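Subject: Structure for you to look at

Hello,

Here is the structure I promised. Please open it and keep it beside this note as you read.

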Amino acid sequence: MKLIYNFSMELFSIITCLLQNTSPKLKLFVKGRKNIWNGLEQFKNDSNSPIAWFHVASLGEYEQAKPVINQLKKREPEQRIIVSFFSPSGYENSQKKKQENVDFITYLPIDTARNARKFLEILQPKMAFFVKYDLWANYILEAKKQNIHLYLFSAAMREDQVYFQPFGGFFRKVLKSFDHIFTQNERSLDLLLQINIKNSSLAGDTRFDRVSQIKSEPVDYKQIKILIENQKTIVIGSAWQKDMDLLIPFINQSKDFVFIIAPHDIHESTMAEWEGKIDKSTVRFSEITTTESAEVIIIDNIGMLSSLYQYAYIAYVGGAFGKGLHNILEPLAFGIPVIFGKLKKAKKFPEAKISIDYGASCSVANFEELKSIINELKDPELYQEACNAANKLVKENLGGAEKIVNLVMSKNQN
């Protein structure tokens, strides 16, 4: 299996180079990795301070990493933090502003044995952290070989993953290379025990720590606040076309709410299409004036959503009908009920089930279910119960980052 894996990585490297001009994202993927080694060497040579390396797939996993990074910097200020991204969307967005407590950000070179060895020999990190998934075998096995402390956190294991299959021996070896695995839930611990991995513990989802921090210091958008003043607002976050197919008929019928729509992707054609189908007065955020009046605000830039939930009476979070549910913990942190579409792969999003079990959120499969749920939430008593459940859910799941760093520090002192 190792030979097949290494061959697939070499082949992947060749194919991405050959096809880079067929897709803007693929072009960024290849172009961003061209001058990696010089950047890494310069970063390493700037200081002799110890390095902690965090690898994330994209922005969602980076949000999970941030609370652990902050705790680690708090405990060891001299530690230099490097974050590697696999995804162009994650890397490119992280470059738009200075990242708190992060000293260097890079793309991760493709996972060949040669790249892994070179990457780690240059950086010589004291410890390495992988977040949730995106576990690259050569990097992990090479780190183990170089006696670098290895940790995986916010892990959410599922029965259908390769680690738990009869043919998954090579990948189980990768998983067993970690000094400690911190899981999101008890089921993940049980699955790890089934393959004889005992160096694991429950720390929860570190995004709870992150969203709590965001809630404590949200960005204030005064022009939006003025526009929606004294009106009940539904914030539609990370909306895809399939979500809007459900929501636009509701928006057109609604007499009780105003709406803020944050598209998943900012495409002119998509926003124009939605505007054409919405019967109510609509304005884009970039075009709001002091005399503006509108019932629907479309957010036409990136980076605002997590703070927009402060204005919501109810939140609808998109993605469930397509590639995957986006972050429902951000609106839950503001103590509001959350609605999302019916999940195709519910096991991939354990936070969805937990929030439903608490009574803080619900999923809908069609327009009638959406309409029914929102009508129920008009009842003040039921609405307050859902808000209380959201607050309780977040409060009871805080502290994961501190648990992780406490154990990491104790291991590194031994």
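In which helix does E381 lie? E381 is in helix α18, which covers residues 380-396. Bear in mind that this is a predicted model.

**A charged patch**
E381 belongs to a negative surface patch. E376, D379 and E385 are also part of that patch. E381 has a relative accessible area of 59%. Exposed means over 50%, so E381 counts as exposed.

**A buried charge**
Now turn to E61. This residue sits in helix α4, residues 59-75. E61 is buried, yet it has no salt bridge. K132 is still among the contacts of E61. Leaving aside neighbours within four places in sequence, E61 also touches V56, V131 and Y133.

**Two positive phi values**
D134 has a phi near 55 degrees, which is positive although the residue is not glycine. D134 is in the loop between β4 (127-131) and α7 (137-145). Is D134 buried or exposed? D134 is buried, at 12% relative accessible area.

N196 also has a positive phi, near 65 degrees, and is likewise a residue other than glycine. Look for N196 in the loop between α9 (186-194) and β7 (200-202). N196 counts as exposed, with 53% relative accessibility.

Best wishes

Technical notes:
Residues numbered from 1 in each chain as written. Predicted model: local features only at pLDDT ≥ 70, side-chain atom pairs only at ≥ 80, totals over all residues. Heavy atoms only, no water. Patch = residues over 30% accessible without salt bridge, like charges linked within 9 Å, V, L, I, M, F, W, Y side chains within 5 Å. Areas by Shrake-Rupley, 256 points an atom, 1.4 Å probe, with all protein chains shown as cover. Salt bridge = Lys/Arg side-chain N within 4 Å of Asp/Glu carboxyl O. Lys, Arg positive; Asp, Glu negative; His and termini not counted. Charge placed at Lys NZ, Arg CZ, Asp CG, Glu CD. Helix = DSSP H or I, 4+ residues; strand = E, 2+ residues; numbered from the N terminus. Buried < 20%, exposed > 50% of the residue type's maximum accessible area, 1.4 Å probe, protein only. Contact = heavy atoms within 4.5 Å.
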